[in-house]
Amino acid sequence: MTRATAAPRRGSFTRRAVTASSAVRRMDGVLLVAVAALAVIGTMLVWSSTRTWAPGSTGLVKKHILNLCIGTVLTGMAAMVDHRRLRAYAPLVYGLSLLGLFLVITPLGSTVNGAHSWIMVGGGFAFQPSEFAKLGLVLMLAMLMAQPAAGTDRPRGLDVGIALVVGAFTMGLVMLQPDLGTTMVLGVITAAALVVAGVRKRWIGGLALLVVGGAVAVWFLDVLEPYQIARFTAFLNPASDPRGVGYNSTQSLIAIGSGELFGKGLFDGGQTTGRFVPEQHTDFIFTVAGEEFGFLGSVTVVALLGVILLRGMRIARQCDDRFGTLTAGVIVCWLAFQSFVNIGMTIGIMPITGLPLPFVSYGGTATFANMIAIGLLQAIHIREQSF
């Protein structure tokens, strides 16, 4: 009996190995290379921007590499999941993300850089539930609007209404922290889901009015912290107080402009070494690329991000499953908006919101969420390639 039971187990293990190997071969190689290239560039930039002040000669680069390794494992795990079956678990994923947001407003939550959005887990590591809330919201909205109304290719009105409530509830919890940047991303995720699902224009108009009303309410109810209001003031007129609220914007422009065409070279950026720009390893890491790698290096970062977005759009377009199309399309919009805002705030065309640059900035939870999103894109691509 022992031999009889052992053989099937070996066969089962072999089949799983063959299946996993086949799935790896069907992955989008261009997408993987673009993500890997950005991760390498980001590692060099984190090293340069933290080596002069963080403990040790290498700064935070070792911790960053560890986060990338964990993120790579998460990418592989997500890629192995059948996205069609994931649809059934979307409410569970969304519910767990909400649980994390609720835990933040308990005594377990901690305040970092003015936002009460972190949970300290010890050992110098922190967990930011709002990053995983992006993934939870993407899956929940895709599930809600994947079922079209009878005789149409549009989602049912009830599902759209529920989707708006889900999006607004998630944004409300994040705004309580308050984290304006992440709230904006969640708003874009909600709007993108409606557009990709092909809802009627009146729903889009209603969402626009809701956003405007929410913005007015946030302003007049004094929900924003003083530092957030100062960021908008600096965006409108950074020259009015270059040593105060406009300091970050002014210094980031100086750093990027000083790199000229070819840059000053890795570790040779005066703005970076002197720490004139705050948070250069996270929110303002693009200024390190501009100063040390120059215009060509900055364009390379933007181009690689563009490759990721184009491959994601291709995956969404080629997917025959409505849930997969919605998931891939919304992920692309999420990454595109966050990249645009991060780069835009360093060159003065967007207000400072505290959003990291995907796949480049130092971070733990944000890196994990971004890499899982790439894994979901790969999962959709793999299943479509199998038919």
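# Report on helix packing and selected residues

R275 is found in the loop that runs between helix α11 and helix α12 (residues 285-292). Although R275 is not a glycine, its phi is positive, at about 55°. The model is predicted, so local features need a pLDDT of at least 70 and side-chain atom pairs count only at pLDDT 80 or more, while totals for chains, interfaces and linings use all residues. Residues are numbered from 1 along each chain as its sequence is written, and side-chain values use heavy atoms, with hydrogens and water left out.

## Overall make-up

The protein contains 15 helices and three strands. These elements are DSSP runs numbered from the N terminus (helices are H or I, at least four residues; strands are E, at least two). Of its 387 residues, 47% count as buried. Buried means under 20% relative accessible area, exposed means over 50%, and partly exposed lies in between (1.4 Å probe, protein chains only). A contact means heavy atoms within 4.5 Å. Among the contacts between residues at least 6 apart in sequence, 73% join residues at least 24 apart.

## Helix α3

Helix α3 covers residues 61-79. With 1.5 Å a residue, its 19 residues should span 27 Å, and the end C-alpha atoms lie 26 Å apart, which agrees. The expected span is 1.5 Å times one less than the number of residues. The buried residues of α3 are V61, H64, N67, L68, G71, T75, A78 and A79. Because they cover an arc of only 110° around the axis, they sit on the same side of α3. That arc is taken over the directions from the helix axis to the C-beta atoms. The exposed residues K62, V73 and M77 are on the face of α3 turned away from its buried side.

## Two helix pairs

Two packed helices are described by the angle between their axes and the distance between the axes. Axes are lines fitted to C-alpha atoms, for helices over the stretch in contact, and angles run from 0 to 180 degrees between N-to-C directions.

The axes of α5 (residues 129-144) and α6 (residues 157-175) come within 10 Å and cross at roughly 175°. The two helices are therefore roughly antiparallel. Angles under 35 degrees count as roughly parallel, over 145 as roughly antiparallel, 65 to 115 as roughly perpendicular and the rest as oblique. On the α5 side the contact involves S130, A133, L137, M140, L141 and L144, which meet D159, I162, A163, V166, G167, T170 and V174 of α6. By type, the residues of this contact are nine nonpolar, three polar and one charged. Here Ala, Val, Leu, Ile, Met, Phe, Trp, Tyr, Cys and Pro count as nonpolar, Asp, Glu, Lys and Arg as charged, and the others, Gly among them, as polar.

In the second pair, α10 and α12 pack at an angle of about 30°, and their axes are 6 Å apart. This makes α10 roughly parallel to α12. S252, A255, I256 and S258 of α10 meet F286, T287, G290 and E291 of α12. The residues of this contact divide into three nonpolar, four polar and one charged.

## Around the end of α10

S258 belongs to helix α10. S258 is partly exposed, with a relative accessible area of 23%. Apart from neighbours within four places in sequence, S258 is in contact with K264 and E291.

The loop between α10 (247-258) and α11 (270-273) holds E260. E260 counts as exposed, at 65% relative accessibility. Its phi is near 50°, a positive value in a residue other than glycine. Most residues other than glycine have a negative phi.

G263 is also in the loop between α10 and α11, and at 27% relative accessibility G263 counts as partly exposed. Not counting residues up to four places away in sequence, G263 touches E291, E292, F293 and G294.

## P358

P358 is placed in the loop between α14 (322-346) and α15 (365-385). With a relative accessible area of 0%, P358 is buried. Leaving aside neighbours within four places in sequence, its contacts are L305, L335, Q338, S339 and N370.

## Separations in sequence and in space

| Residue pair | Separation along the chain | C-alpha to C-alpha distance |
|---|---|---|
| P358 and A39 | 319 residues | 9.2 Å |
| G263 and L296 | 33 residues | 8.1 Å |
| S258 and G270 | 12 residues | 9.1 Å |
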